[in-house]
2 protein chains.
Amino acid sequence: MKEEKMEKMSRREFLVGTGGFAAGAAVGAVLGGGVFNLLPAAAAEATYPYPYVKLDPEKVRKYGYELYYQGGCMYGAASAIIKALAEEVGAPFSSFPVDMFKYGAGGVAGWGTICGTVNGAAAVINLVAPKPEAFPMISELLGWYSETPLPSKKLDAIAKFQDQAQSVATTPLCHSSVSNWCEASGQKESSPQRLDRCAKLTGDVAAKAVELLNAWKDGKFAPVYKVPAETAKCMGCHVGKDSMLNNSFGKMNCTSCHDDHTK
Amino acid sequence: MKEEKMEKMSRREFLVGTGGFAAGAAVGAVLGGGVFNLLPAAAAEATYPYPYVKLDPEKVRKYGYELYYQGGCMYGAASAIIKALAEEVGAPFSSFPVDMFKYGAGGVAGWGTICGTVNGAAAVINLVAPKPEAFPMISELLGWYSETPLPSKKLDAIAKFQDQAQSVATTPLCHSSVSNWCEASGQKESSPQRLDRCAKLTGDVAAKAVELLNAWKDGKFAPVYKVPAETAKCMGCHVGKDSMLNNSFGKMNCTSCHDDHTK
């Protein structure tokens, strides 16, 4: 009897994104914050990768900004995209435990390593795209993040602070990203201005990730990021078959941490 | 009719970890690699945080080593713990999309930022523990990772290479972690020896995370990591109310990247 019921549920009603389960929504509403349970999820039968549908980058940009203030940068970027996907598709996004991304704040528990915005966006990119397709998009995102003056002005209409200074992170690391902005703006790291800059950045990164994913969905993803000239120069000696680094790593700007000893 | 069925399923059969659904397992078996679907998951009704139960660190250490070779360091560390939890608890771990963690390989898509092992372990710590409890454990993990000679010898019995050199990462960054080991061992970054070192590291980090979580579960988690002396010295001037960095950040070893300009 049980088996028959499970089987019927599985074939008809667990198909991802199909059917309407108004009653199930009441069950879902019991869940605590951070799980966007709009429809009863068929997560058990959800296959990987999760199903991406094209999103509006500007909607995701706003979500990223707002969700930063609920859980930090990694949470903000990842849950902005997941929230938008849950609105479009429902399961399995609607039951994803987005609260787990709060760990990424401040470059992972405040250690200043990779910025939570790109750590979170990268996780979602790989949630919807398998590794061989995800890596080029993630690389493009990290390169764009490292070299683009940010934050944009696109959230000024809703943000706490308007017309903030822009800075170039140089690397995907929180420490250099935040330090460079504090230097450019004259603001302290713990100021509400810096927090608002990171909130805007969260929105900008989530929106950029959506742009990349939308292009990928259309079969039109075309990476433009090139390894910086400084890195290419270092790699001339430091990457090669006699070198310790004998593969194609070498994506960040080496001279952001290392001296150019040829000078 | 549908509503009644959903309600019955929800009350009785969706309770996390209860009941036996042998028929459901057949459904779950259809899923592709990387989703440990041992029981039909009630992930839709899974509340956050996910339910941690104490695990055997040595079992998780082996899983981490093996799973590294399936998907890299972040995948290996995260899915080792999730796999062990799925074996004990079933849902919601059994339907978690662990393949999404492959993005963390090589310090996130090969960019050399935070080591995937700690990025993945931190994610799982925050999956089972809410932020205020997760952060101290993650900080302890990153500090241990930064200062401990690794990898351990505990996987030598099953590993491809025995008695490998140990090194101290100094920071949680893949770049310094791998470079320091290559220097200590004389091995190239792309060598099978370096891969095996990272596989062992994946196991060691996953096992350490489990030790921290087990202690936390018993109410006995006691952090021991202290900010390095170099960092404390830098913070004397660089963190304070007149400084740009006027909060309690400052966890990594500053002199791993920056010169000590007081010398």
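Modeller: Please keep in mind that this is a predicted model. One place to begin is Asp163(A), which has 59% relative accessibility and therefore counts as exposed.

Biologist: Where does Asp163(A) lie?
Modeller: Asp163(A) is in the loop between H5 and H6 of chain A.

Biologist: What is its phi?
Modeller: Asp163(A) has a positive phi of about 50 degrees, although it is not a glycine. Most residues other than glycine have a negative phi.

Biologist: Now Ala109(B): what is its phi, and where does it lie?
Modeller: Phi of Ala109(B) is near 50 degrees, a positive value in a residue other than glycine. Ala109(B) lies in the loop between H3 and H4 of chain B.

Biologist: Is Ala109(B) buried or exposed?
Modeller: Ala109(B) has a relative accessibility of 5%, so it counts as buried; the cut-off for buried is under 20%.

Biologist: Let us turn to peptide bonds. Which residues does a cis peptide bond join?
Modeller: One cis bond joins Tyr48(A) and Pro49(A), with omega about 0 degrees. Another joins Leu150(A) and Pro151(A), also with omega about 0 degrees. Most peptide bonds are trans.

Biologist: Where are Pro49(A) and Pro151(A)?
Modeller: Pro49(A) is in the loop between helix H2 (22-28) and H3 of chain A. Pro151(A) is in the loop between H5 and helix H6 (174-185) of chain A.

Biologist: What is Tyr103(A) in contact with?
Modeller: Leaving aside neighbours within four places in sequence, Tyr103(A) contacts residues of chain A including Met74(A), Val108(A) and Asn119(A). Its contacts in chain B include Met74(B), Tyr103(B), Phe135(B) and Ile138(B).

Biologist: And H4(B): how many of its residues are buried?
Modeller: In H4(B), 13 of its 13 residues are buried, and the helix is mostly covered.

Biologist: What should H4(B) span?
Modeller: At 1.5 Å a residue, the 13 residues of H4(B) should span 18 Å; the end C-alpha atoms are 19 Å apart, which agrees.

Biologist: A change of topic: why does Asp196(A) count as buried?
Modeller: Asp196(A) counts as buried because its relative accessibility is 0%. It lies in helix H7 (residues 192-217) of chain A.

Biologist: What does Asp196(A) touch?
Modeller: Not counting residues up to four places away in sequence, Asp196(A) touches Tyr65(A), Tyr69(A), Ala159(A), Lys160(A), Phe161(A) and Gln164(A).

Biologist: Then Asp99(A): where is it, and is it buried or exposed?
Modeller: Asp99(A) is in the loop between H3 and H4 of chain A. With 5% relative accessibility, Asp99(A) counts as buried. A polar contact of 3.1 Å joins its side chain to that of Lys102(A).

Biologist: Lastly, what does Val178(A) touch?
Modeller: Val178(A) lies in helix H6 of chain A. Not counting residues up to four places away in sequence, Val178(A) touches Glu189(A), Arg194(A), Arg197(A) and Cys198(A). Val178(A) and Arg197(A) are 19 residues apart in sequence and 9.2 Å apart in space, C-alpha to C-alpha.

Note on methods
Residues are numbered from 1 along each chain as its sequence is written. Chains are lettered from A and ligands numbered from 1 in the order in which they are written. This is a predicted model: local features need pLDDT of at least 70, side-chain atom pairs count only at pLDDT 80 or more; totals for chains, interfaces and linings use all residues. Side-chain values use heavy atoms; hydrogens and water are left out. Helices (H or I, at least four residues) and strands (E, at least two) are DSSP runs, numbered from the N terminus. Buried means under 20% relative accessible area, exposed over 50%, partly exposed in between (1.4 Å probe, protein chains only). Contact means heavy atoms within 4.5 Å. The expected span of a helix is 1.5 Å times one less than its number of residues. A polar contact is a pair of N or O atoms within 3.5 Å; within protein, one must be able to donate a hydrogen and the other to accept it, and residues adjacent in sequence count only if both atoms are side-chain atoms.
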